[in-house]
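Here is a friendly note to read alongside the model. Please keep the sequence and the 3D view open as you go.

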Amino acid sequence: MIDKEFITTYYGYFLEGSKITLMISLIGVIFGTILGVIVCLLKLSKIKILRFIASSYIEVIRGTPLLLQLYIVYYGLPMALPFELSRMTLGTIAVFLNSSAYIAEIFRAGINSIDKGQMEAAKSLGMSNGISMRYVILPQAFKNVLPALGNEFITLIKESAIVSVVGIHDIMYNSDTLRGITYKPFMPLVYAALIYFIMTFTLSNVVAKIEGSMKESD
Amino acid sequence: MIDIVNLNKSFGELNVLKDINVSINKGEVVVVIGPSGSGKSTFLRCINLLEQPTSGDIIFQGNSILGKELDIEKYRQKIGMVFQQFNLFNNKTVIENITLAPIKVKNMSKAEAEDIAMKLLKRINLEDKKDEYPNKLSGGQKQRVAIARALAMKPDAILFDEPTSALDPEMVGEVLELMKELAIEGMTMIVVTHEMSFAREVASRVIFMDEGEIIEDSSPEEIFTNPKNQRTKTFLNKILKC
């Protein structure tokens, strides 16, 4: 079943595609985390309007398809900006905007899971909300949500396949290309599936390991 | 130093504190006793505004702390608090627990804060634990570090919310001993506790609370040997028997 010649000839497509997929997912999860923390803090803010903005953002992003968001960013953002962005950048922006809404909720759960006594102790020492958050609550919350962030990264590896529709050369796009140039409509898909699976399976094992070692240190 | 005037606190329909009036003078050790659910902890938490009073006023050094112009954070720096569950910062080492607030809140230099922290650690005999994380300490050690953390801010008064209730019996002594030392040094303390021996020995005044009211407020001798109110008698009988 495995076609040796096919692999030796075309493995470059998969390699390049994997790089792009991993890069989009990694940047997606990093920027998604930064933006997600900000959105989460807004949502926990005492100021009503900030809470409203954050909630709306989260609800809209979670309530619309990623494909649609990708189109809106891909076709809309260039109209709004005076300079040009590459295809890859636009695709990545769509992915991390989408991810940030989910990560904001992950962090909210992480912050809520920290014992209330930690915040009370910080306040009783005269620390402001900001200082307590930054030095006491967020570091602990971050540690708690690390496995969930790992899982978000895994999700992005799979979901980022959608950027192939705007012509970003990720695994999905390149396997489509191979279907065209080799007249083999099926096998490239199997190879693509295999690569996605190896990536996600390996990563979820890594996440499980980290989770295990964190339990020990608690 | 702290005057509590007609303080009321309710959670929805439930009136937890009813018309509390107390004055606490500088250097006093006021022990608050009473059955669980009597509002002792809520009373204590109202004093540093971890709970917002529903009505009434709290006057600290002549100024209302409930006024809009009050800087709550400044005020809290002057009122330390020690919790039943210690609440040491889990992500910080022992010494960082003590130095965090002086550095971030009082803008003290790291060296100066560490100097103060080391003196406090020496005092509570935990110098060798300075780089440990809280989860490596026993309950008694945690509570002593928590007290040191409060002391590092050089507060005018410290609130103790059942500081020994979560401790194994053999560790209660070391914490009470430290508290006794602070009392002798003249620290103003308000202590919610079930340790009657501490109340008897160390308190300048004992307040008995029941169902959100102050039933009796007098010297320890008076309360323990000659309680005026029937509820105080019943409570003390129950507690002192076991």
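The points below cover cysteines, a surface patch and a pocket.

1. This is a predicted model, in which local features need pLDDT of at least 70, side-chain atom pairs count only at pLDDT 80 or more, and totals for chains, interfaces and linings use all residues. Residues are numbered from 1 along each chain as its sequence is written, chains are lettered from A in the order in which they are written, and side-chain values use heavy atoms, leaving out hydrogens and water.

2. Let's start with the cysteines. Over all chains, the search finds zero disulfides (pairs of cysteine sulfur atoms within 2.5 Å). A:Cys40 is buried at 1% relative accessible area, and B:Cys46 is buried too, at 0%. Buried means under 20%, exposed over 50% and partly exposed in between, with a 1.4 Å probe and protein chains only.

3. A:Met23, A:Leu26, A:Ile27, A:Ile30, A:Phe31, A:Ile34 and A:Ile38 make a nonpolar patch of about 610 Å². Patch residues have over 30% relative accessible area and no salt bridge, with nonpolar side chains joined within 5 Å and like charges within 9 Å; a salt bridge puts a Lys or Arg side-chain nitrogen within 4 Å of an Asp or Glu carboxyl oxygen. A:Ile38 sits in helix H1 (residues 4–43) (helices are DSSP runs of H or I, at least four residues). A:Ile38 is partly exposed, at 45%.

4. Finally, which residues lie nearest the centre of the largest pocket? They are A:Leu44, A:Met119, A:Lys123, A:Asn129 and A:Met133, among 20 lining residues. The largest pocket holds about 650 Å³ of space, and H6(A) gives the most to its lining, with six residues. A pocket is an open set of points on a 1 Å grid where a 1.4 Å probe fits, with protein on both sides within 12 Å along at least five of seven lines; lining residues have an atom within 4 Å of a point.

Key:
Accessible areas come from the Shrake-Rupley method with a 1.4 Å probe; for residues, only the protein chains shown count as cover. Helices (H or I, at least four residues) and strands (E, at least two) are DSSP runs, numbered from the N terminus. Grid points are joined across faces, edges and corners, and a volume is the space filled by probe spheres set on the points.
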